[in-house]
Amino acid sequence: MNRQIHTSFIEVLPWEDVIFKRIFPLLPLTTQFLLRRVDHQYYNCITEYFKKSLTCNIVINRKLMFSETAFHVLIDGATNLRTFKVHDSAKQNCNSQITKGFQLTDSLIEGILKTNANLHTLDLSNCINLTNSTARNVSKLCSHIQHLAITNCLNIDREGASYISQMTNMKHLYLNGCHHIDENSIVQIVKSCSSLLDIGLARLHSITDEALTEIAHGCLHLLSLNIAQCYKVTDKAILKLAEYAKTLRSLQVRGCRDVTETSLHRLRLRNVKIDVSNKEFEDHSYLIKRLNVQI
C-alpha cells in the first residue's frame with residue numbers, strides 16, 4: 001500500500017532567497033505567529049525570519065491582542081532592521097494605547113536601537129508613553145536615522161527636540177501633535193537638519209511665521225510641509241514659501257485661519273498641491289471659504 005508523503009514548502013524552498021523575501025512578507029503578523037505553532041521546523045523558520053528581517057511593521061487594532069511576550073518574540077535577536085513601524089488603527093485618538101495590557105516604553109525602544117544601529121526609518125506615532133529618553137537614544141544609537149515619526153507623542157518636549165536636532169541626516173520628520181515642542185525648537189531643528197524633504201508640524205500651536213520663514217530659507221530641498229491647524233501662521237509666511245521653497249510640491253494648511261488664497265495662489269501657479277491627501281478634496285466648501293473674493 002502506497003503512502004502519500006506530504007512535503008512542506010519550507011522543506012523544499014530556499015529560506016532566505018525565496019521564503020523570507022517572497023512569501024513571509026506577504027503574510028499578516030498573526031499568521032506568522034500561528035505558523036510558529038505548526039511544528040518545530042516552522043518554529044525555527046519563523047524565528048530565523050524574525051532575526052533577519054529588514055522591516056518590522058506592527059499593526060495593532062482593538063481586536064488584536066498583543067503582549068510584551070509577543071513583542072520580544074518578534075524583536076529579540078533582530079540585528080538587521082532598517083525600518084521599524086508601529087501602526088495603531090485608532091490614530092485619530094491620540095490617547096489610545098497600543099493595546100490593553102501592553103505599552104511601548106522607552107526601554108523597549110532602547111533595546112531595538114542598541115541592536116539595530118543601521119535603522120533609518122522609525123515610526124512611533126501615537127506611542128504616548130514615550131518620553132525624551134527615546135529621542136536621546138535615537139540620536140545616540142542610530143546616527144544614520146533619516147525618517148522619524150513621533151506624531152502625538154505628547155511627552156516629548158523641547159529637550160527631546162534638542163536631541164532630534166542632532167540627527168543631521170534626517171530627511172523625513174513628523175512632529176504632528178507634539179504640543180510641547182515649541183517654535184524655538186523647530187527653528188533649531190531646521191537649522192541643523194537642512195536636508196529635510198518632508199516636515200510635519202500639524203497642530204503645533206506655537207508655530208508662527210518665524211518658523212516658516214526659517215524653513216523657507218533653510219530647507220532648500222523641501223518637498224512636503226504640513227502645518228495644518230497652526231493657527232498663528234499667516235499669508236506672510238506662505239509668501240515666503242512661494243518665494244524661496246522652490247522645490248515644494250505639497251502643502252497642508254487646513255485650519256490656518258489667517259492663510260488665504262491671496263498667498264496660496266502663488267503656490268498654485270507652480271502646481272503645488274494644497275490640502276490634497278490620498279482622497280480628493282472631501283469638503284469643497286472649505287475651498288470656497290478660502291477664496292478672498294465675494295461670490
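This is a predicted model: local features need pLDDT of at least 70, side-chain atom pairs count only at pLDDT 80 or more; totals for chains, interfaces and linings use all residues.
Setting aside neighbours within four places in sequence, Phe84 is in contact with Cys56, Ile58, Phe71, Ile75, Ile109, Ile112, Leu119, Thr121, Leu122, Asp123 and Leu124.

Now widen the selection to the core around it. The largest nonpolar core has 83 residues, and Phe84 is among those with the most contacts inside it, along with Phe71, Leu175, Leu225, Ile227, Ile238 and Leu251. Colour helix α4, residues 40–52, next: this helix gives the most to the core, with five residues. In soluble globular proteins, nonpolar side chains tend to be buried together.

While you are on α4, show the side chains of Glu48 and Lys52. They meet in a salt bridge, 3.2 Å from N to O. Because the two are four residues apart in α4, about one helical turn separates Glu48 from Lys52. Glu48 is partly exposed at 26% relative accessible area, and Lys52 is partly exposed too, at 34%.

How many salt bridges does the structure hold? There are five. For another, go to helix α6, residues 106–115, where Glu110 and Lys114 sit four residues apart, about one helical turn. Their closest N and O atoms are 3.4 Å apart. Here Glu110 is partly exposed, at 25%, whereas Lys114 counts as exposed, at 55%.

Then select Arg158 and Asp182, whose side chains also form a salt bridge (3.4 Å, N to O). This pair links distant parts of the chain, 24 residues apart: Arg158 belongs to helix α8 (residues 158–164), and Asp182 to the loop between β5 (172–174) and α9 (183–192). Asp182 counts as buried, at 19% relative accessibility.

Next, move to Leu148 in strand β4, residues 147–149. Leu148 is buried, with a relative accessible area of 3%. Leaving out neighbours within four places in sequence, its contacts are Leu122, Ile164, Met167, Met170, His172, Leu173 and Tyr174.

Asn132 is the next stop, in helix α7 (residues 132–141). Is Asn132 buried or exposed? Asn132 is buried, at 9%. Beyond residues up to four places away in sequence, Asn132 touches Asn155, Ile156, Asp157, Glu159, Gly160 and Tyr163.

Finish at helix α12, residues 261–268, and show its buried residues: Glu261, Ser263, Leu264 and Leu267. They cover an arc of only 160 degrees around the axis, which puts them on the same side of α12.

How values were computed. Residues are numbered from 1 along each chain as its sequence is written. Side-chain values use heavy atoms; hydrogens and water are left out. A nonpolar core is a set of buried Ala, Val, Leu, Ile, Met, Phe, Trp, Tyr and Cys residues joined through side-chain atoms within 4.5 Å. Buried means under 20% relative accessible area, exposed over 50%, partly exposed in between (1.4 Å probe, protein chains only). Contact means heavy atoms within 4.5 Å. The arc is that of the directions from the helix axis to the C-beta atoms. A salt bridge is a side-chain nitrogen of Lys or Arg within 4 Å of a carboxyl oxygen of Asp or Glu.
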